[in-house]
Amino acid sequence: MLTQRAKEVDRKPMTFLESIYLWNIVKGMGITISHLFKKKATINYPEQTRTFSKVFRGLHVLNRDAEGRENCTACGLCAVACPAEAITMEGAERLPGEEHLYREEKYAAKYEINMLRCIFCGLCEEACPKDAIYLSQTFAPANYGRKGFIYKKDDLLIPHPIENKEAYEAALGDKPAKN
Amino acid sequence: MTLLVIDWWFILEKALLIGGIIGLSFFIAMYTTLAERKVAAWLQDRRGPNRAGPFGIFQPLADGGKLFFKEEIIPLASNKFLFILGPALAMITALLTSTVIPWAAPFVTQGGNVIPIQVADVDMGILLVFSIVSVGVYGIMIGGWASNNKFSLMAAIRGASQMVSYELPMGLCLIAVLFMTGSLKMSEIVANQVQNGWHIIYQPLGFIIFFVCALAECNRTPFDLPEAENELNFGYHQEYSSMKLGFYLFAEYINMFISSAVMVTLFFGGYDIPFVNEASWGLSSFWMTAISFAVIMAKISFMLFVFLWIRWTIPRFRYDQLMNLGWKKLIPLALINMIISAAVMLLLNK
């Protein structure tokens, strides 16, 4: 009774007028017809999209630094942190002459996220010491096969910040470039 | 050979009318399915189908096309002949009832021939509608029985008992209307309303009871117990697939259309234009026919909207509630309505 909203259930037998339901049905119809003029709760999805909050966790993006070098060092912390075990990676050593591609001596030669396993919890983002992975504000598109949901490195990498500046900024979204 | 002399123009005229009315029934039923989904969406703050064509106007075609391409399954354990007869019967009876409804003011040709926009103005008009509607229950019963499935059978039993019990109050309301017209002829029922005002003014209770019974006769919510998705698994059309299922679903919408037309004719003055004396306009007969047809279609559309509106407002009745309402509430009310109407008619000495 804290809210003072509790109502005792009326167990009186229905009167004749009540038992033909007519008046209550008319009242109900009044309620439904009023919804005809209300604002629609849904939107025309592919043409219109809703704006997400800044902390929305969508598809993963593998980050680059300001010079376009990949941040990831294939340390595997994200894979360890992942509760759904959706991340697979293979590390490789940076060769001389690849300094403009990878920021540190080790990089991810293979980096896959199985989007069917991923629960978009964002723990990989929290685990990453290099700020190499974050969850963007786009969400997983549909696909015809299971294989299409295993995102390879090409699908995940952010566009190059110098060569393809516009796409890079679009992919960055509301996240500020930290490095 | 004189016996075989038939007025060919008469046959042509009737053939055109029959074709036109069947086409109209199908067209309206098609777009009622779209309207159903749209109204459902609007009443639930959604948008409804809007992908197929502008505002989704090709959605019924897409739905129909889908049904045609579905695999057609006739269960091995079913009675094949009856299994096919069921949906056919449902469709035929749904279409047959439209024969006696006057769709517009009679058209007078240049030569002075009067062409009624009505397939058959038989003397027993409204009784014919009732008898055909009664046969309509066989569509459900045969389909449910032939499916050899206990859910279908139970749905068929429910449908039959429901239709039988709701035909009684419906008939009693009709009697009260017939006191006022003195004729079963549909054209005279309309003519009486054009002269003396619509029957809804004199018979409001009669109309409400008639409307409730019409909902039950069409198996519409809140009386859609024969289909009852959550207890009977879609009821009598459970074993049906492809266009045979489509026939059942479509027959329901045609039934809605026709029963709206019957209600408009009985209580809302048929093709009569309200509040004006259209005879004083001096329009040509062609325009009078066209306008009156538009008027009756507007009235029918509104009735159809009320059908949909009710469907998306109230949930399904329980079976015992349905029977209680029919036998213990509506029949006494209809009887009282009938007796009062009779007494008033007697007092007025009509």
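In which helix of chain B does L333(B) lie? The residue L333(B) belongs to helix α12 of chain B. Please keep in mind as you read that this is a predicted model.

**Around L333(B)**

Is L333(B) buried or exposed? It is buried, because 20 other C-beta atoms lie within 10 Å and the cut-off for a buried residue is 20 or more. Setting aside residues up to four places away in sequence, L333(B) touches L205(B) and I209(B).

**Where α1(B) meets α11(B)**

Two packed helices are described by the angle between their axes and the distance between the axes. For α1(B) and α11(B), the axes come within 10 Å and cross at roughly 45°. That angle makes α1(B) oblique to α11(B), and the crossing is right-handed. From α1(B), the residues that take part are T32(B), A35(B), E36(B) and V39(B), and they meet L304(B), F305(B), L308(B) and W309(B) of α11(B). Sorted by class, this helix contact has 6 nonpolar, 1 polar and 1 charged residues.

**The side of chain B that touches chain A**

How many residues does each chain bring to the contact between chains A and B? Chain B supplies 13 residues and chain A supplies 14 residues. On the chain B side, the elements that give two or more residues are α1 (8-43), α11 (285-311) and α12 (319-348). By class, that side of chain B holds 7 nonpolar, 2 polar and 4 charged residues.

**Nonpolar cores**

In soluble globular proteins, nonpolar side chains tend to be buried together.

| Core | Size | Residues, among them |
|---|---|---|
| Largest nonpolar core | 87 residues | C173(B), C213(B), I254(B), F257(B) |

As for I254(B), leaving out neighbours within four places in sequence, its contacts are S25(B), A29(B), A94(B) and L95(B).

Definitions and conventions: Residues numbered from 1 in each chain as written. Chains lettered and ligands numbered in written order. Predicted model: local features only at pLDDT ≥ 70, side-chain atom pairs only at ≥ 80, totals over all residues. Contact = placed C-beta atoms within 7 Å. Helix = DSSP H or I, 4+ residues; strand = E, 2+ residues; numbered from the N terminus. Nonpolar A, V, L, I, M, F, W, Y, C, P; charged D, E, K, R; others polar. Axes fitted to C-alpha atoms, helices over the stretch in contact; angles between N-to-C directions. Parallel < 35°, antiparallel > 145°, perpendicular 65-115°, else oblique. Left-handed = near helix turned anticlockwise from the far one by under 90°. Buried ≥ 20, exposed ≤ 12 C-beta atoms within 10 Å, placed from the backbone. Core = buried A, V, L, I, M, F, W, Y, C linked by C-beta atoms within 7 Å.
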